[in-house]
Amino acid sequence: MLRSSTSHHTHPDFEFERIESIHSTENGDDDDSKTGFRSKSFINSLHLRSTRIRLFINRISNSRAYKFYFIPIIFSLIFVLLLFEAIHHSTTRSQSITAPNIYSHRLPRSVFTTSKSKAYQEIMPSHRNAAKILYKRLFNPKSPACSNTLLFRDFKSNGFGAQMLRVLNAYILSKALRTVFIIESTTLVNYGCGHHRGWNCYFSMPNQDCELSNGSLFSIPSNWTLSKDVQVYYDGLKSVEESAYSLKSVSCALLKQFPRTEHFGRADSAWCGVIGDDLSEELAHLVVSNGGEGWYNSSEKVEMKEKLILLRKWMNELWKPREKIDFVIQKEMNRLKIPTYSGSKVIGVHVRRGDKRKEIDFIPIHDYISAVKRFVDEFQRDDSTESIQIYVASDEFEAVTEFISAWQRISDVSVTSAAVTDRIGGHNQEKSNKEHKFDRSIHTLELLLDISILRKSDIFICTLSSNLARMIHVLRNDKDPETTISLDVAWRPGVAFRSYGTEYCVDDRLCNALYCNSG
């Protein structure tokens, strides 16, 4: 916003030049297109001042009494005025160049991969070869050695869905490396309940058994999360088997390359790696994508479904809500009267708005309406269907009201939502990270309620450019993959930008035929 007034007076030409320079910058014209105009206006302004000063000097110089006293003073004043104008012009132009571009609605596509480009460039052919070997180990699971640990530490504080997908990739890497997987308690701290707690506000650790040096198994406690400054420490194991297992604390180092796994399992070769930054996550994705060749080795739908089932199994191992959280969620689901009996059909809809516009265009509400209508008509033709209910979730309250209003004009099928009015304007991660811990916890519980309903819905209509929708897709372990319908990109393992540039009905072999063939 431009300031309406200043504390000093400037020449009209110069003030017009300042406003014009800001206006031109807001329209995308940086230095080149208006430089000539600004320079000309500035020179004319100085020329006018110089002319007036020369007339004043000539008038004084006619007076012999003041000729030798005032001329040095006048020239000094001229120099100070010119210097002041030059500094003022430079400052004003600098402010105009950094003014926000209010006409820019979307960022260029190159922004999507900027944060990953440096890490990607560090990937070597040897990394890809090692990743292919580790990828094969995913399908030959073995118990991890208790002396080897992979610790997930969040360095980014990004969205809930993105963090969960990053944890999933790290968990898969730990499966390939055959290490114990520990989630640091500060993970999801920007969604947490305060006191530097995040993950353990809502979730327990996944159930894991590790192998001790004598071959016996040890069950990892479900509350075994680590605070930010605590290193991995195995004294808890000593109480289980004091004589057979004695190991000192192990320092955790950031994962910068794949470790030599042939030494894993030996009591004297304890290892702890930290994953969570760009490079370590790029290494994890290499394993998930079979060295960059893709999660699927072929285009056979049977194999693709089997491997998606495996991913869903791992995601559901991570998704372990605490008992109190489960109780609250179930209570809210009963209040909303979400049907769960045989013969009832629930169509879940997720509309992503808010700061997602920085990455990809929004899908119009009427596209969601059209997709829902196809499946409502299909269910109504099925004699076994006793009831149909639509559940709409969104980070933007206006999107929910727009959907309900549009739907009620064409159908009397029930539609409900848990959306609240304080979701006006959509989700903004930067603002969300600054919320008070109480507000943050309430919003996270509302989000968990949406996730619980959408993952159990018979049909899930979404945009897979949303990380939250991608996470829900891999949580739907008891649903056919074709019951997830994306209105934009196809599904690929990992966070959303991995799928940018794809189309659901073109690039996803597990797409829904009813939706994609109906035109």
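Are Phe160 and Tyr191 buried or exposed? Phe160 is buried, and Tyr191 is buried too, where buried stands for under 20% relative accessible area, exposed for over 50% and partly exposed for what lies in between, with a 1.4 Å probe and protein chains only. The model is predicted, so local features need pLDDT of at least 70 and side-chain atom pairs pLDDT 80 or more, while totals for chains, interfaces and linings use all residues. Residues are numbered from 1 along each chain as its sequence is written, and side-chain values use heavy atoms, without hydrogens and water.

Phe160 and Tyr191 also form an aromatic pair, edge-to-face, with 5.4 Å from centre to centre and 80° between the planes; rings of Phe, Tyr and Trp (its six-membered ring) pair if their centres lie within 6.5 Å, and planes under 30 degrees apart count as stacked, over 60 as edge-to-face and the rest as tilted. Because Phe160 lies in helix α6 and Tyr191 in the loop between β2 and α7, the pair ties together parts that are 31 residues apart in sequence. Helices (H or I, at least four residues) and strands (E, at least two) are DSSP runs, numbered from the N terminus. Ring pairs join Phe160 and Tyr191 with Trp199, Phe203 and Trp319 into a cluster.

Elsewhere there is an open sheet of five strands in the order β9-β8-β7-β10-β11, with parallel pairing, two strands being paired if DSSP finds at least two bridges between them. At its edges stand β9 (414-416) and β11 (484-486), each of which pairs on one side only. Three bridges join β10 (residues 459-462) to β11, and Cys462 stands opposite Ser486 in β11.
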